Structures are given as structure tokens and as C-alpha cells.
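Me: I would like to go through this model and ask what stands behind each label. Please set the values against the definitions.

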Amino acid sequence: MNVKVFTTKTCPYCDMLKNYLKQNNIDFQDIDVSADYNAAMEMIKLSGQRGVPVADINGNVVVGFDQGRINQLLNLN
């Protein structure tokens with residue numbers, strides 16, 4: 001399973017997403033787009049927008065903390 005989470009340090013929804021993944025023992029790569037211009041450009045290319053959080057779950061892009069879609073992609077619940 002390959003999970004990338006594009007975040008910023010000041011985003012409460014980013015924290016909610018990361019905490020949710022941790023609670024469900026999902027390993028993920030946390031990428032701070034405010035500190036990494038190239039990562040920000042990668043996120044924009046993937047999602048078509050600048051807002052965070054953006055999760056890339058095995059090539060499936062989820063914008064925002066969409067728990068239902070995340071559960072579906074990770075086979076949770």
C-alpha cells in the first residue's frame with residue numbers, strides 16, 4: 001500500500017486525516033507542501049487544486065478529509 005498525504009503544518013483537516021490514518025495503523029508519507037515547492041507542484045498536478053489535505057492512496061486522489069472514500073480505498077470498516 002502506498003499512501004502519500006500532502007499537508008501543511010497549520011491545517012486542522014490535515015491533522016485529522018493524519019490522526020485517522022495513525023489510529024488505523026496505516027503507514028503514510030507526510031509531505032509538507034508549505035516547505036517543499038516541488039511537492040506542492042506534484043500535489044497540484046495530481047489534484048488540480050492548491051487546497052490541503054490531499055491524499056494519494058495507491059494512485060487514487062482524495063481531496064480533503066473524505067472519510068468514506070478513504071475507508072473505501074483502504075478497505076476499512
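Reply: Start with burial. Buried residues make up 42% of the 77 residues in the protein chain. Buried means under 20% relative accessible area, exposed over 50%, and partly exposed in between, with a 1.4 Å probe and protein chains only. This is a predicted model: local features need pLDDT of at least 70, side-chain atom pairs count only at pLDDT 80 or more, and totals for chains, interfaces and linings use all residues. Residues are numbered from 1 along each chain as its sequence is written, and side-chain values use heavy atoms, without hydrogens and water.

Me: Why is A40 called buried?
Reply: Its relative accessible area is 13%. The limit is under 20%. A40 is therefore buried. The place of A40 is in helix α2.

Me: What makes a run of residues a helix or a strand?
Reply: Both are DSSP runs, numbered from the N terminus: helices are H or I with at least four residues, strands are E with at least two. The protein chain has three helices and four strands. Along the sequence they follow the pattern β-α-β-α-β-β-α.

Me: What makes β1 and β3 a pair?
Reply: Two strands pair if DSSP finds at least two bridges between them. Four bridges join β1 (residues 3–7) to β3 (residues 54–57). The two strands therefore pair, and they run antiparallel. V3 has I57 as its bridge partner in β3. F6 stands opposite V54 in β3.

Me: What joins β3 to β4?
Reply: Four bridges, again with antiparallel strands. V54 stands opposite V63 in β4. The two strands form a hairpin with two residues between them, and N58 in the turn has a positive phi of about 50°.

Me: What is the order of the strands in the sheet?
Reply: The order is β2-β1-β3-β4, in an open sheet of four strands with mixed pairing. The edge strands are β2 (29–32) and β4 (60–63), since each pairs on one side only. On average, neighbouring strands are turned by 20° against each other, direction ignored. Axes here are lines fitted to C-alpha atoms, for helices over the stretch in contact, and angles run from 0 to 180 degrees between N-to-C directions.

Me: Which strands does helix α2 touch?
Reply: Helix α2 (residues 37–47) packs on the sheet, touching β1, β2, β3 and β4. Contact means heavy atoms within 4.5 Å. The direction of α2 makes about 110° with that of β1. Helix α3 (residues 67–74) also packs on the sheet, touching β1, β3 and β4, and its direction makes about 160° with that of β4.

Me: How do you know that the buried residues of α2 share a side?
Reply: A39, A40, M43 and S47 are buried in α2. They cover an arc of only 100° around the axis, so they lie on the same side of α2. That arc is taken from the directions from the helix axis to the C-beta atoms. What covers them includes β1, β2, β3 and β4. On the other side of α2, Y37, N38 and K45 are exposed.

Me: What follows α2?
Reply: G48, with a positive phi near 80°.

Me: Why does the radius of gyration agree with a compact globule?
Reply: The radius is taken over C-alpha atoms, and the globule rule is 2.2 Å times the number of residues to the power 0.38. For 77 residues, a compact globule would come near 11 Å; the protein chain has 11 Å, so the two agree.
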